[in-house]
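Biologist: I'd like to go through the labels on this one with you. Can we take them one by one and check what each rests on?

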Amino acid sequence: MTEFAACDLKTIYPEPSPRVIAKARPEIDAHARKFIAMSPFCVLATSGSDGSVDASPRGGNPGFVSVAGPNRLLMPDRSGNNRIDSFRNIVEGSGSVQLIFFVPGIDETLRVGGKGKLSAEPDLLASMEEFGKLPRAVLNIAVQEAYFHCGKALMRSRLWSADARVERAVFPSISQVIHDQTKLGEPETQAEVEARNKTQL
């Protein structure tokens, strides 16, 4: 397999247009603010001190990530698997984070990059109650860059198309998958997993 050097990339890809470069903004503008307010889902990427990279899904009601200012986002941390890979990367690594926000029905996505710090300040946690529960921590992101991606990737994937949806029954429950992989715990049906998850939102 051929390994590429940075100079090789120029033989394959043309230079980006001035417009593509200029669209990267140093702050959250009115369009990005509105998009984040409509977004119920994003992917959070972080890098560890050893160079490892983690990407994890985050979700809530639309606007669950709060725009606290043109260069500040607040993301509540809800119950999960307690691996805390993302947060360990933030406190032990560079603190650099990247987020991609999705809005159902819109093919464009929004990327936001910056530096993250964790907070467990009681007043801040209380201000971000959702699903009847306080977050365990809040990720405070100092925004350094924000820009919109064109919709080609989601258009190719037909992510929001009803005819592209699959029936949930064609794939085992996550409980069954992990049981098959680890032989630990007891497998649960999809209905049991969904019922349990609803109590832990």
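Predicted model: local features only at pLDDT ≥ 70, side-chain atom pairs only at ≥ 80, totals over all residues.

Biologist: What makes D77 and R58 a salt bridge?

Modeller: The cut-off is 4 Å between a side-chain nitrogen of Lys or Arg and a carboxyl oxygen of Asp or Glu. For D77 and R58 the N to O distance is 3.1 Å, so the pair passes. This pair links distant parts of the chain, with D77 in strand β4 and R58 in strand β2, 19 residues apart.

Biologist: How do you know that the two side chains also make a polar contact?

Modeller: That takes N or O atoms within 3.5 Å, and the side chains of D77 and R58 come to 3.1 Å.

Biologist: Is R58 buried or exposed?

Modeller: Buried, because its relative accessible area is 15% and the limit is 20%.

Biologist: What about R136 and D77, why is that a salt bridge?

Modeller: Their N to O distance is 3.6 Å, so the pair is within the 4 Å cut-off. R136 lies in the loop between α5 and β7 and D77 in strand β4, so parts 59 residues apart in sequence are tied together.

Biologist: Which other salt bridge does R83 take us to?

Modeller: The one with D85, where the closest N and O atoms are 2.7 Å apart. R83 is exposed, because 52% is over the 50% mark. D85, at 22%, counts as partly exposed. Salt bridges with shared partners also join R58, D77 and R136 into one network. By this rule the count comes to six salt bridges.

Biologist: Now R78. Where is it, and why does it count as buried?

Modeller: R78 is found in the loop between β4 and α4. Its relative accessibility is 14%, so R78 counts as buried.

Biologist: How do you know that R78 makes a polar contact with E130?

Modeller: The two side chains are 3.2 Å apart at that contact, and the limit is 3.5 Å. Beyond its neighbours within four places in sequence, R78 has contacts that include M128, E129, K133 and L201.

Biologist: What lies closest to the centre of the largest pocket?

Modeller: That pocket has a volume of about 1,100 Å³. Of its 30 lining residues, P57, R78, S79, G80 and N81 are the closest to the centre. β2 gives the most to the lining, with five residues. The elements giving two or more are β2, β4, α4, α7 and α8.

Biologist: What classes of residue make up that lining?

Modeller: Twelve are nonpolar, ten polar and eight charged.

Biologist: And which residues line the second largest pocket?

Modeller: A164, R165, V166 and R168. Its volume is about 200 Å³. By class, that lining has two nonpolar, no polar and two charged residues.

Note on methods:
Residues numbered from 1 in each chain as written. Heavy atoms only, no water. Helix = DSSP H or I, 4+ residues; strand = E, 2+ residues; numbered from the N terminus. Buried < 20%, exposed > 50% of the residue type's maximum accessible area, 1.4 Å probe, protein only. Polar contact = N/O pair within 3.5 Å; in protein donor to acceptor, adjacent residues only side chain to side chain. Contact = heavy atoms within 4.5 Å. 1 Å grid on protein atoms, 1.4 Å probe; cavity = no way out; pocket = protein on both sides within 12 Å on 5 of 7 lines; lining within 4 Å. Points joined across faces, edges and corners; volume = space filled by probe spheres on them. Nonpolar A, V, L, I, M, F, W, Y, C, P; charged D, E, K, R; others polar.
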